[in-house]
Amino acid sequence: MKYEMVIGLEIHAELNTRTKIFCSCSTQFGAEPNTHVCPICLAMPGTLPVLNRQAVEKCVTAGLALGCDIAPEAHMDRKNYFYPDLPKAYQISQLFRPLCTGGTLEFEYEDESGQARIGRVRINRIHLEEDAGKSIHDLYGASTLLDFNRGGVPLIEIVTEPDIRSPEEAGAFVDRLRSILRYAGVSDCQMQEGSLRADINLSIRPAGSDTLGTRTEMKNLNSIRAIVRAAQAEFLRQTEVLEDGGVIVQETRRWDDAKGRSLRMRTKEEANDYRYFPDPDLLPIRVDGDWLRAIRDALPELPGSKRRRYVADYGLPEYDAGILTSDPAISAFFEDAVACGGDAKAVSNFIMGDMMRIVRERELDFAALPFSPADLATLVNRVAEGVVSISVAKGAVLNQMFEAGERPDAVIERMGLRQVSDEDTLRAIARDVIRDNPGVAQEYRDGKTKVLGFLMGQVMKKSRGKAQPAAASQLLKEELEK
Ligand SMILES: [Zn+2]
């Protein structure tokens, strides 16, 4: 039998507020354990939470960016469970009246066979909650250490409808969602630091059926690749269970990315196991018209509209526009370089080609490069003016800009990289190349004109990439035909 998979996602994103959701402790990642804590986030008796206004604004911002309805009145609820990293023995979250409901995300993706498709995933809700602390289990399981720095960091949980039908679609959804949350300025979405984590709810059913099967949940996937692989593996696992005549058990599973398989953690609790009830220590959240308008006005341009604008205003291909707008730091660099007078297509080529490669290889950040967008514009213009060749610009000059933050004009002068278009110099080089390669030159004269490419390569090599190609090629031909 042929099965189809049905996936819904729950995405947790840590909000990038400066302080925690109910106290003024810092949210900074990577500090010494238990240094960002206070009586409130350690749940000392007698303490009371005070809701961080910015956390509410960022949750609403995420909702607006995803086309959700914003509730005029929302409540915080207690989700009760015992775990050592949750000192209150309840998490403050939202069940009954979340801040955001509804909404849709549309995105392009490539399916398994590489065909371009449009994904359309409905958002069920976005709610605000606090993160728990972190349990650090030692290697042998003999003891567990607790770090409460993360306890009380504000989170939003984005819950989708079960609209996703393939691992590729799930990966692309999270990728686009991450891009939107970054643009909207609500989360830095560093998956490797755990500030964006995804839970996958997956069930299977006979292809063509419209009933939902029993689902399993895989928690805390922290890379797009892990999401795609975990969904693939879970689909196969459930298919095998059914084909062997078994039944799917509703349970929570832990994905082991290194081993490429999942293990049962526990059978799934239902919402009523958590004995949710409204938190009596917190007032209802009222987002009135003025506040909502102010948040809406502050919403920056999102990647979808930016992409359409890049195609319309700069004449860039869809593909290029998609890559340049995938990350706010990249698009800001691009826009600034164009504003400084760089040709849009040429700037885009530099960024998408060599710059993104170097940034990836050296694990740099577009927001903190050693040179400015204005420097890139200068470099692009020097190529257009014929001062340097494109290969020298992308090679030696760009390298030096990355290496030392040196201005492009300074690199060109100091290293003597100006393109040579002077006829006498180029003619002399062409003659040298012909003299050094008499056999190849003869082949050219005998009509095998495609060896010109090899000879031009020699000219470029001899000029250390500085020969102006069109002029050099013309002179080379003249010399060969003498
Ligand atoms: Zn605190």
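Okay, a bit of housekeeping. Residues are numbered from 1 along each chain as its sequence is written. The model is predicted, so local features need pLDDT of at least 70 and side-chain atom pairs count only at pLDDT 80 or more, while totals for chains, interfaces and linings use all residues.

Let's start with the whole thing. The chain has 15 helices and 17 strands. Both are DSSP runs numbered from the N terminus: helices are H or I with at least four residues, strands are E with at least two. If you put a box around the C-alpha atoms along the principal axes, you get roughly 95 × 55 × 50 Å. The radius of gyration is 29 Å, whereas a compact globule of 482 residues would have one near 23 Å. That radius is taken over C-alpha atoms, and the globule rule is 2.2 Å times the number of residues to the power 0.38.

How much of the chain is buried? Buried residues come to 36% of the 482. Buried here means 20 or more other C-beta atoms within 10 Å of the residue's own; 12 or fewer is exposed, and in between is partly exposed, with C-beta atoms placed from the backbone. As for contacts, take those with a separation of 6 or more: 70% of them join residues 24 or more positions apart. Two residues are in contact if their C-beta atoms, placed from the backbone, lie within 7 Å.

Now, helix pairs. Two packed helices are described by the angle between their axes and the distance between the axes. The axes are lines fitted to C-alpha atoms, for helices over the stretch in contact, and angles run from 0 to 180 degrees between N-to-C directions.

Look at the end of the chain with me. Helix 14, residues 452–462, packs against helix 15, residues 469–480, at about 120°, and their axes are 10 Å apart. That makes helix 14 and helix 15 oblique to each other. On the wording: under 35 degrees is roughly parallel, over 145 roughly antiparallel, 65 to 115 roughly perpendicular, and the rest oblique. Who makes the contact? Helix 14 brings Leu455, Met456 and Val459, and helix 15 brings Ala472, Ser473 and Leu476. By class that is five nonpolar, one polar and no charged residues. The nonpolar set is Ala, Val, Leu, Ile, Met, Phe, Trp, Tyr, Cys and Pro; Asp, Glu, Lys and Arg are charged; the others, Gly among them, are polar.

Next pair: helix 8 and helix 9, residues 373–384. Their axes come within 10 Å and cross at roughly 115°, so helix 8 and helix 9 are roughly perpendicular to each other. This crossing of helix 8 and helix 9 is right-handed. On the helix 8 side we have Ala346, Val347 and Phe350, facing Leu376, Ala377, Val380, Val383 and Ala384 in helix 9. The class count is eight nonpolar, no polar and no charged.

While we're at helix 8, find alanine 344 in it; the helix covers residues 344–361. Is alanine 344 buried or partly exposed? It counts as partly exposed, because it has 19 C-beta neighbours inside 10 Å. Leaving out residues up to four places away in sequence, alanine 344 touches Tyr314, Leu316 and Val338.

Then slide into the loop between helix 8 and helix 9, where glutamate 363 sits. Glutamate 363 is not a glycine, yet its phi is positive, about 50°. With 6 C-beta neighbours inside 10 Å, glutamate 363 is exposed. Asparagine 220, in strand 13 (residues 216–221), also has a positive phi, near 60°. Asparagine 220 is exposed too, with 12 other C-beta atoms within 10 Å.

Arginine 286 is in strand 17, residues 285–286, and is exposed, with 11 other C-beta atoms within 10 Å. Its C-alpha is 8.1 Å from that of alanine 71, which is 215 residues away along the chain. Arginine 261 is in strand 15, residues 261–267. Beyond four places in sequence, arginine 261 is in contact with Ala233 and Asp256.

Terms used
A crossing is left-handed if the near helix is turned anticlockwise from the far one by less than a right angle, and right-handed if clockwise.
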